[in-house]
Amino acid sequence: MDNRSLGRTGLSISPVVFGGNVFGWTADEKTSFELLDRFFDAGFNTIDTADCYSGWVPGNQGGESETIIGKWLKQSGRSRDKAVIITKVGSTPQGAAMEGGLGKARIIEKVEESLRRLQTDHIDLYLSHWPDPKTPHEETLSAFATLKEQGKIRAIGCSNYDAAQLQASFDAVEKAGLPRYDVLEPEYNLYDRTGFDGALADLCTVKDIGVITYFSLASGFLTGKYKSKAEAEANPNRGGMVAKYFDERGIRILSALDEVAAETHSQPASVALAWIAQRPGVTAPIASATSARQLDTMIAAGNLKLSEDQMKQLNDASA
């Protein structure tokens, strides 16, 4: 298992990133600690979260995930430089885009809250969570420039930007002499490909942008756990998100995953993540786990190499 260089950031990340959206939601503090220990003991080093996680849960305020990660960092005894922490700013507590969420004053305020919850003096990668049409790119990037100068963040990126929005941010950088986004976090998986494949992937390749993908397992659909739309709908947490994938194309993808998993003596989830990790322009997928069994499929994905024929089979099934 080899770490990967993340674009021009200077960061070296594991081939699978642990998605911290489950911390404080479907994984309590004790479970989260156990999973993070297991993940890092296996040689992986990267955690993705956001300042809003997991504010959509009744009784939560947002920031629960960062708080759990901070407590784990403190009690684990691991050296801070052995962990790559990614977090985001610019959302409502429920995780939706916020108008004005990327204003300079708000970013300066919110980074302090994240640092406090994470119990650290710096964030390795800080992302604009959503495009903010109410705030000029120059204002947002000026805030990030200040935080980089202060040593509070090491690298910057954005999530959910399309090709035009990302290019507009580059244009703003050229005019204002500010640091640019060096990482993109798009939604991308075997089923949801159109948002990244094409113009956005091409731009990231040309500009040497590191790419880490979210919803890499399509909310659990690509694990093969759910065998029917009705079974998916019965899940109280993710049922509605998974059921939409049960169409002719989705079933074709599951069949191809099963075949490649059998050939590689692995699980469909491991194959789905390995496919992303081998896609042109992608650095690593993000995936979440709430049990040791789920986490082991993520760890296996980091060590799985698919053949050209297997990649073609999956590409054809998901076309």
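**The second largest pocket and its setting**

Author: In this predicted model, the second largest pocket holds about 150 Å³ of space. Its lining consists of M1, D2, R4, P15, A274, A277, Q278, A301, G302, N303, L304 and K305. Sorted by class, that lining comprises six nonpolar, three polar and three charged residues.

Turning to charged pairs, the structure has 18 salt bridges. One of them joins D197 and R279, with the closest N and O atoms 3.5 Å apart. D197 sits in the loop between strand 8 (183-185) and helix 6 (199-206), and R279 in the loop between helix 10 (268-277) and strand 10 (284-287), so the bridge ties together parts 82 residues apart in sequence. D197 is partly exposed at 24% relative accessible area, whereas R279 is buried at 14%.

Salt bridges with shared partners also link E66, K110, E113 and R117 into one network. Within it, K110 pairs with E113 at 3.3 Å between the closest N and O atoms. Both residues belong to helix 3 (residues 104-118) and are three residues apart, about one turn of the helix. E113 is buried, with a relative accessible area of 19%.

As for the cysteines, the whole structure contains zero disulfides. The cysteine sulfur nearest to that of C158 belongs to C204, 7.9 Å away, and a disulfide would need the two sulfur atoms within 2.5 Å. C158 is buried at 0% relative accessible area, and C204 is buried at 1%.

Terms used
Residues numbered from 1 in each chain as written. Predicted model: local features only at pLDDT ≥ 70, side-chain atom pairs only at ≥ 80, totals over all residues. Heavy atoms only, no water. 1 Å grid on protein atoms, 1.4 Å probe; cavity = no way out; pocket = protein on both sides within 12 Å on 5 of 7 lines; lining within 4 Å. Points joined across faces, edges and corners; volume = space filled by probe spheres on them. Nonpolar A, V, L, I, M, F, W, Y, C, P; charged D, E, K, R; others polar. Buried < 20%, exposed > 50% of the residue type's maximum accessible area, 1.4 Å probe, protein only. Salt bridge = Lys/Arg side-chain N within 4 Å of Asp/Glu carboxyl O. Helix = DSSP H or I, 4+ residues; strand = E, 2+ residues; numbered from the N terminus.
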